[in-house]
Amino acid sequence: MLMPKPNQDVLAKRDYLVTELRRIVADSEAVIDDKDDLRAFECDGLSAYRQLPMIAVLPETVEEISEILTFCAAEGVNVVPRGAGTSLSGGALPLADGVLLGLGKFNKILEIDYENRCMVVQPGVTNLAITDAVKADGFYYAPDPSSQIACTIGGNIAENSGGVHCLKYGLTTNNVLGIEMVTMAGEVIRLGGKHLDAEGYDLLGVITGSEGLLGVITEVTVKILATPEHVSAQLIGFPSSEQAGDCVGKIIGAGIIPAGMEMMDRYAIHAAEEFCQAGYPLDVEALLIVELDGPKVEIEHYSKKIDEIAAACGATVSRTSQNEAERMAFWAGRKAAFPAVGRISPDYMCMDGTIPRSQLPKVLKRMGELSEQYGLRVANVFHAGDGNLHPLILFDANIPGELERCEEFGADILKLCVEVGGVLTGEHGVGIEKRDLMGEMFSEEDLKQQQRLKCAFDPDGRLNPGKVFPILHRCAELGKMHVHNGELPFPDIPRF
Ligand SMILES: Cc1cc2nc3c(=O)[nH]c(=O)nc-3n(C[C@H](O)[C@H](O)[C@H](O)COP(=O)(O)OP(=O)(O)OC[C@H]3O[C@@H](n4cnc5c(N)ncnc54)[C@H](O)[C@@H]3O)c2cc1C
């Protein structure tokens, strides 16, 4: 994985940068320059790639962030924002010549506003802590990534994260009302608020999913919803993944939008069951977990309809949770599926393509064929209702060549997603993982237009460089690029 070459001039003034950053932050220990201490930040959830940052800074106030960014911009230093470091696409991977800006100390809930059905929180608050703060009063925050116990709301916005309940309630972008953000120039700006859509460009929409490339989010206003009257989860088992995939499309096609509809294949079912005894049937090849919420009578009606559809698709097992403890057990298996799969293979790489639901049977079949072709096992556990695939490719990094084989296999899966009318990422972001595949999905002109938007926020490309875009362009170059005698302008810009 090629990253921009470290800038030797920046590295040469590291001691000066440490001294000046210590002047900016109130707590001098919040500037970390010791190699052993920096180790904690060397990777995110995509742990196959590691890099120590030059310096890590853990500010406590918006003013400190603004000063740090102004200082780094003036000194020509790159900055990588970081929440909890659970990104699965390498979005928070540090740079050898960069400052890693940790938002962990921004962990306060600032306001709970039931009248406006919203909360104002700092970006380092974990996703689950938002729901926990209002649960007793009958409210919750809907997007629920499986990593919700650890990941931060700032990271969720940067990645436009999803989760089990996004099928019915939308992704992060549909549940965030406003943010405060600091630009690389140190300016503090506000987008959105407690009100509904403002006039003008939807800049909040632009920032959501911008992967730390446009600004540092310092405050977030999220929607909260009333806890549904009743909730029940149904386990439906099938003799093949293709049949389960077919059933997903048919349920949605029948006009039913479950609160969540997840799918696990044999590897994932067995790994999760062994890990946390969720009560899954072990004699099936694929399992759907379908959650329904709302008035009891509505749930019963849809549950019956779903059973009929599933039976027509060849389902062999259907079981509905009888109480809250059983429902939670069904979900515990799904939510622990990633770590559970980690127990059956020394390493795994989690992919994240999204396809039109109707293509699920075809893509699942083709993935099985690719698995045989590459000689690597693949476990599937994913947001089936959204068509958001999470194939976990199992490999052993200690075996020479296996990581590379896994990367090629992963790339083929993502290309397949694009081929059937889908996209490279559903919720984990592009980061470094899918950066070099962006050309499969976007034309050169598409990518340039996206980079022009980046230039409007960060003209010198200081925020999180090396991520998302397969080729770095200088902003001036994007205005007009004239190639004379085949000589590429700005030859000094790193091109991956
Ligand atoms: C076991 C496991 C399960 C997961 N399940 C899901 C899932 O179901 N759904 C899902 O969507 N994701 C999932 N993820 C991925 C990950 O948890 C999400 O992408 C999450 O939103 C990242 O949040 P974070 O706080 O860890 O951010 P980080 O990993 O620290 O950063 C992610 C990106 O956000 C940027 N960033 C972070 N904070 C800020 C900020 N304040 N301002 C600007 N940019 C910022 C970083 O620069 C980086 O580009 C899972 C990860 C793991 C390890």
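1. Residues 49–227 are 21% helix and 26% strand in this predicted model. UniProt, in an unreviewed entry, assigns residues 49–227 the feature "domain: FAD-binding PCMH-type".

2. The ligand comes next. A shell of 36 residues surrounds the ligand. Gly83, Gly91, Gly154, Gly155 and Gly212 are the closest. By class, the shell holds 13 nonpolar, 18 polar and 5 charged residues.

3. Which element gives the most to the shell around the ligand? Helix α6 does, with 5 residues. At least two shell residues come from each of β3 (78–82), α6 (153–159) and β10 (216–223).

4. Now look at a helix pair. Helix α14 covers residues 360–374, and helix α15 covers residues 402–419. The two pack at an angle of about 160 degrees, and their axes are 11 Å apart. Angles over 145 degrees count as roughly antiparallel, so α14 is roughly antiparallel to α15. The crossing of α14 past α15 is right-handed.

5. Which residues make the contact between α14 and α15? From α14 come Val363, Arg366, Met367, Leu370 and Tyr374. From α15 come Arg405, Phe409, Asp412, Ile413 and Leu416. The contact of α14 with α15 has 7 nonpolar residues, 3 charged residues and no polar ones. The shell around the ligand, for its part, includes 18 polar residues.

Terms used. Residues are numbered from 1 along each chain as its sequence is written. This is a predicted model: local features need pLDDT of at least 70, side-chain atom pairs count only at pLDDT 80 or more; totals for chains, interfaces and linings use all residues. Axes are lines fitted to C-alpha atoms, for helices over the stretch in contact, and angles run from 0 to 180 degrees between N-to-C directions. Helices (H or I, at least four residues) and strands (E, at least two) are DSSP runs, numbered from the N terminus. Angles under 35 degrees count as roughly parallel, over 145 as roughly antiparallel, 65 to 115 as roughly perpendicular and the rest as oblique. A crossing is left-handed if the near helix is turned anticlockwise from the far one by less than a right angle, and right-handed if clockwise. Two residues are in contact if their C-beta atoms, placed from the backbone, lie within 7 Å. Ala, Val, Leu, Ile, Met, Phe, Trp, Tyr, Cys and Pro count as nonpolar, Asp, Glu, Lys and Arg as charged, and the others, Gly among them, as polar. UniProt positions are given in the numbering used here, feature names are shortened, and annotations may be inferred rather than shown by experiment. A residue is near a molecule or strand if its C-beta atom, placed from the backbone, lies within 6 Å of it.
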